[in-house]
Structure formats: structure tokens, C-alpha cells
Amino acid sequence: MNPATTAPVAVRAPLLEDFSLEMTAKDGPRLEEARALVPAGTRVNVTFLGNEDLELRLAAARTVKRLGFVPVPHVSARRLESREELEKLLAGLRADGTGDHLLVVGGDPATPHGPYEDALAVLRTGLLAEYGVRHVEVAGYPEGHPAIEERTLWSALADKRAALTGQGLTTGVITQFGFDVDPVLAWIERIREQGVLIPVRVGVPGPAGARRLVAYAARFGVGTSASIARKYGFSLTNLMGTAGPDRFLHALAERYDAGLHGDVKVHFYTFGGLRATSEWIAAFRP
């Protein structure tokens, strides 16, 4: 079955317009390979991993810009060892013209490496606006976070939005990837009911090996192996195959209501498969 011929109009039109991709700082060559498959001006997020240094991150953002895309570097609050490190990153991005858009997250370390306990602490420094940042995206967790209470997640989202608005910065949300449309749409409906009308990019896993999908899901607490297999249509007794987000996007398109859910786009977590994800999107879109 060719997804390009079966994708409903709703998927082809609003949801996959202005999609975004994610890459690591080491994925520059893979982005080069996928360049012809990705529309010019696409937002490409550059992750902030512990095994990648400042120069590698800056070089990756430059590569994204050179290839005709919009770099969205990540800032991982808990990985920052000092205010000086944050300022060096921001100064480097400003000098390269790659720091207009950022994603600021708390990060994985259980204990902060420096003075920033969470994303909000970075936002409250005021440094982002000072260094020319114009738009900041923050994380959303429709299925919760394995290490953070739900009420804390909700208050943090409100506080981050207020901090950015107070500094004259625009903002949006990128959700953690998931395999089930129901909690994603319920979460969006809830934030809309609370008057949060900022754009939401729904995190979607790009095509990947079933074993890898199950491993990432377990790591980030976004569903059991059984539920993932049921939603994605692969067998837990045979994890050698590859699964794509066809079912997820079809379900999202069928239930998405612009009047109810507002501005919603899709963000693809590529899990190292940048070219494979780009090929899949190119086939799925008209």
C-alpha cells in the first residue's frame, strides 16, 4: 500500500504543511543527503546531547542554514554547566545568524550540571532576548513525564509562556513523541480550554525499527510495548521490521478540528534516520 495514494486530504493539507524535523549535531551529512527531499524553509531542530560540544552544535546550525532550512537549536538547561556556557552558545548562534529560533528544554540529567534546574530558569535569565532570539518553543507532555508530576508540568507550561510573553518573545510547543492520538488531542483541547492558543507541533516518531521504537517509548514513558504494537500494527514476537507513523497521522487527521484544536503542525523525531524520515514524508505528502 502506497501511503502517498492513501493519505487523506486532511493529512496532505494542513497537518503536513510546515512540518519540522529533528537532527543531532552530528547529522549534518545526513541532512545534506536528504536536502532534495525537504522543502526549503523547513524548521530543523538541532538537539543538545551530552556527547556533543559547543563547536559541533554551532556547526550543525550553520549547516541547516546553509542548506536553506531554518535552524532551531536546542538549549538543554540541566546540561549547562554555567551562565558563561549559555552565553557562549547564544553569542555563537547570534554571530552565525542561526539563533532566531530556539527550543529550550529541561534535559535528561537527574542532577543539573550547573545553575539551571529547568527550562524556566533559563528563560528567566533574560539572556535569550538580549542575544537576539525572537521565538522560543518549549516542551509539552501529553502522556506525562516519568520524573515530573502532572500538576508541575501544567504550572511550568503556564510559567514559561508568561516568562516569554513578558520578554516580547513569541512561543510555541513541541510535544514529546507518542503513539496514541487520543491523549495528544485531549491535551491540546485542555490547553485551549485554558486559553493557551500558541501553536502546537505534535511529536511523531519517524519510520524506525520496531525494536528501536519500543526502546525509545520505554525510555520516555510514552506507552507500553503492547499498546505501541497495537497502535502501530507490528508484532512483539517479530521486532525486525520497520514501522512508520501512517496510522497515527491518519487518526490525527480524522479527528483534528481546526476550530477546536487551533494551530497544529507535525514535528518528526528522526531517531537518526533523517533520510528515511524525509523519504517517508516526501512519499506521504502530495
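How many bridges join strand E2 to strand E3? I found 4 between E2 (residues 43-46) and E3 (residues 70-76), which run parallel. Asparagine 45 has valine 72 in E3 as its bridge partner.

A note on what I am reading: this is a predicted model, where local features need pLDDT of at least 70, side-chain atom pairs count only at pLDDT 80 or more, and totals for chains, interfaces and linings use all residues. Residues are numbered from 1 along each chain as its sequence is written, and side-chain values use heavy atoms, leaving out hydrogens and water.

My terms: helices (H or I, at least four residues) and strands (E, at least two) are DSSP runs, numbered from the N terminus. Two strands pair if DSSP finds at least two bridges between them.

Next I followed the whole sheet. I saw a closed barrel of 8 strands, E1-E2-E3-E4-E5-E6-E7-E10, with parallel pairing.

Then I turned to strand E6 (residues 170-175). E5 (residues 135-140) runs parallel to E6, joined by 6 bridges, and glycine 140 stands opposite threonine 175. The chain gets from E5 to E6 through helix H8 (residues 150-166), in a right-handed β-α-β crossover. Right-handed means that, with the strands pointing away from the viewer, the path from the first strand over the helix to the second runs clockwise.

On to E7 (residues 200-205): I counted 2 bridges in its parallel pairing with E6. Here isoleucine 174 stands opposite arginine 201.
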